[in-house]
Amino acid sequence: MKRISFIVLSIFFIQTNFLAQDMPAMKRINGGDFVPLYGSNEARVSVETFLLDIYPVTNEQYLSFLKTNPKWQKSKVISLFADKNYLSKWENDLSPNKEALPNSPITNISWYAAKAYCDCIGKRLPTMDEWEYVAMASETKRNAQRDSLFNQRIIESYETPQTYKKEVGSTYKNYWGIYDMHGLVWEWTSDFNSVLISGESRKDVDTDKSLFCAGGSVNATDLMDYAAFMRYAFRGSIKANYCIQSLGFRCAKSLKK
Amino acid sequence: MTRLNLNTTDIIKGVLSFLFFTALFLSCESNATPENSSQKIDASEIAVQGEMTAELTAPPKVPKPIGSRAATKLIVDMEILEKEEEMTDGVTYVYWTFGGSVPGSFIRTRIGDEVEFTLKNHPDNKLPHNIDLHAVTGPGGGATSSFVAPGHQTTFSFKALNPGLYVYHCATAPVGMHIANGMYGLILVEPAGGLPEVDREYYVMQGDFYTKGENGEQGLQAFDMKKAVDEDADYVVFNGKVGSLTGDNAITAEVGETVRLFVGNGGPNLVSSFHVIGEIFDKVNVEGGDMINKDVQTTLVPAGGSAIVEFKVDVPGTFILVDHSIFRAFNKGALGMLTVSGPENASVYSGKQQEGIYQPEGGTIQEMPDEGLVNKSPTKALTLTEKMKLGKTVYDKTCLACHQPTGRGITAAFPPLAKSDYLNEDVDRAIGVVVNGKSGEITVNGEKYNNIMPKQVLSDREVASVMTYIYNSWENNKTEVSESDVARVRNSH
Amino acid sequence: MRRNKLSFFLFLSFLFFIASCHQETHDTLPYQCPMKCEGEKIYSEKGTCPVCNMDTQPIEEKILQSENEDEILETSIFNLTSKWNTQNKETIELKDLKGDVLVIVMIYTSCKAACPRLVADMRNIYASVNDKTTKYILVSIDPETDTPERLKEFAIENQMDNNQWVFLQGTVEDVREFSNVLAVKYKRISPLDFSHSNIISVFDQQGVLVHQQEGLGVDNEETIAEIMALSKAVQEVN
């Protein structure tokens, strides 16, 4: 009896301990409506309340994932799931890129790898709408889409070279308590391939009826949101097996209903 | 009689065969004509022979002419680089480039060539890009097929169907920003047999830039979206930066040579009124196409368009390339130089000056109120090195146009500052000329000058620096001018 | 407390055990032409190379990777472990389709825009190829609406109801993953409608992508030729 209660207790302890380690790394994002650059037929979309990692996943964190999931190591990953740039600056399977810090965001990983990482810790990649919803918050405002200074600052950070070498947490903390939504790395989202653009921006003012079967047309909602144009163009240019130096990820989690 | 008959027959035979050969010759000629006339050939039918790798050049250089080569499979390999470079002294900008330069590498091809184009997006780059070549006949000019993420590359092919000088540029959203950051260049499609031979060929392309700080504000300057949308340019420049074609970077020619400029305009916003001061374009391929206009002073180069201008240089000197929307040239950087060396030719240009003073009543030189400038007293005196640096910047901006890059002036018009007795004799007098202006006759190094030097609206610090720079350059007496010297002269006036 | 710590570590390692995502393995060795006349192409059974007529030989260990993933090539879609429901209410994995040429398109059955034309393209290709082995696979991008029952009705309506036609319903996540393998883009734009790429993809018997036809109203000829070449190559070997 004593033994059993000990086990029960210890499981309880461990679980809270596990949660204690895990939970502070995420923040609750209260759901709401917003207008993304590319929405649905009705421009406004809604996002349910969910949890999001405070920081992008780091080199160090990814390294420990590789130790327990060898199939995602550089020498073992299969080409369906990652192109040749996968962990391209890693010297070998378990020695990370020396140009970046252990606490810098992991980059040169594919969508499949990012998804596997999140799956394995019981999380998932955020959807594009979720990501955009959080990314429109400035330090003080939940929605800073119309704040021209905020937008100018984002554009500047997108132009700055080599930002993937910075440590996570080195940019601003936004309204939700989330860091590094802009200014560090691009981030994978679960449905990044829902950007229906051809890359020919002048044609993309209308959906190409030949390339895309569409029940309606999906147009950009704000022609002045250059930062968003840059993000969506980036998403439109990539495929799930691409590994890019300026592209990392963070995980999200749905709340139990 | 028989003999005569024979002779007659011979003559007739001779004449006939002459006519026959002449006809043959003529028919050869008329067969040859369509080869050279682009209208009569369906360029898509031109067969290609072999393959070659295209020579790509950074401005102001252009690749070798195609000459008489046949149409071929031309392999173009271009890398996109995002990199920080100098815009002007002390100002840098993160340029996005085709091939590492602004404008991007010059591509030279001929009608009928099958161009196999590989676009590589360097892994260090942060953004996706593509290329729209105006020389391409096809949707997006190649933009859709060439859309490429960082660390990746893409290949597509097209056939050059129309001769002419074409702009290429990036068309990724937001397209204006990609162009504003320098993503444009020129591709030349030569007709069969090539363009007529000339002595010199150069690549000049205008672009407008929008920076967070105003023109001249120091340090790394970010792209300013609002100014770009408002079409309010901080810099309008040739070949990507201020001074890319001045001083040591000036393009050159010898007297008697024919110069051909491949002129483009990347925009993104402004149309260029391209003019070379002191030259008349003998020949202009209007808008880079087939139509030739002659004896042109200023030609319009649309944003996303081009022109080919040709002129023979008859006299030596420095010829200034400008956008004749002239504030852009003097305040925003749209200025380049062509230095022509060789013997004078007095029958073309005398160089003689006969001048008097013409001052209608009340017609004194306009001056801006200089309040604020004088009083902006700096807290700490500059070192000699700092003065030399600031002085050069001021000189290039304020003095260079008249007194020339090496201070030699312009004969009979603007006195020399190099090895100048007038300057070295009296420092205060020299300062006075700068802060108060000067008119009337003076003698410098034995030559008489009678012109007007306007009062310069410069701060004490700027005057001290530029004077120090001048005194410590070009074999002058190395005087170091302090700000208090300037203030003293200014106040004694 | 010490014991407590120990059990904590035990529990953690247990978590890691669960967390590390293992893959199932198989044991049969694939065959390949020793001259590699057809590049990396492999066959599941011993035979002769259609190009040089030499006997095919089992592939060496190194190509197979240490994890013994047998005949699944690195670029094969059979590496996906997702499970799918068919219109006949069977549950399958993609690798169950191994051995046949696969022609795959992503649609949704309530689509009123371009999908009917894509479906017609598939039917045309099927009629022109006219073999008994090639599988024509329609994957729903709207798995919430397109249940196996709905897919079955659709198959019957569109005269696509024999064993060469396979309709697949997966989870929302697995459909997204599959679309990435095909480089198909799609987005829900209203509760009923999706916008999506019009792409028909052809995979060889090993699940490796060999051809894609993009756009509406394009010529099917090249696609048909690819399928016939693949289908024929296998028949000759067999």
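Predicted model: local features only at pLDDT ≥ 70, side-chain atom pairs only at ≥ 80, totals over all residues.

Q: Which residues of H7(B) and H9(B) meet?

A: From H7(B) come B:Asp428, B:Ile431, B:Gly432 and B:Val435, and these meet B:Asp485, B:Val486, B:Val489 and B:Arg490 in H9(B). Sorted by class, this contact has four nonpolar, one polar and three charged residues.

Q: How should I read a sheet, and what is the order of the strands in the open sheet of five strands in chain B?

A: Strands of a sheet pair through backbone hydrogen bonds, and they do so either parallel or antiparallel. In chain B, the open sheet of five strands runs in the order S13-S21-S20-S15-S18, with mixed pairing. Strand S13 (251–254) and strand S18 (298–301) stand at the edges with a single partner strand each, so one side of each is left without a neighbour in the sheet. Neighbouring strands of this sheet are turned by 20° against each other on average, direction ignored.

Q: In which sense, parallel or antiparallel, do S20 and S21 of chain B pair?

A: Strand S20 (residues 317–323) and strand S21 (residues 335–341) of chain B pair in the antiparallel sense over six bridges, and B:Val322 stands opposite B:Leu335 in S21(B).

Q: Turning to chain A, why is helix H4 (residues 128–135) described as largely enclosed by the rest of the structure?

A: A residue is buried if 20 or more other C-beta atoms lie within 10 Å of its own. Eight of the eight residues of H4 in chain A are buried, so this helix is largely enclosed by the rest of the structure. Among them are A:Trp131, A:Tyr133 and A:Val134, and the buried residues of H4(A) pack against several strands of chain A, including strand S1 (26–29) and strand S8 (252–254).

Q: How many residues does the contact take from chain A and from chain B?

A: The contact takes 27 residues from chain A and 27 residues from chain B. Helix H5 (148–159) and helix H6 (226–237) of chain A each supply at least two residues of the side that touches chain B, and that side of chain A has, by class, 11 nonpolar, 10 polar and six charged residues.

Notes
Residues numbered from 1 in each chain as written. Chains lettered and ligands numbered in written order. Buried ≥ 20, exposed ≤ 12 C-beta atoms within 10 Å, placed from the backbone. Helix = DSSP H or I, 4+ residues; strand = E, 2+ residues; numbered from the N terminus. Contact = placed C-beta atoms within 7 Å. Nonpolar A, V, L, I, M, F, W, Y, C, P; charged D, E, K, R; others polar. Pairing = 2+ DSSP bridges. Axes fitted to C-alpha atoms, helices over the stretch in contact; angles between N-to-C directions.
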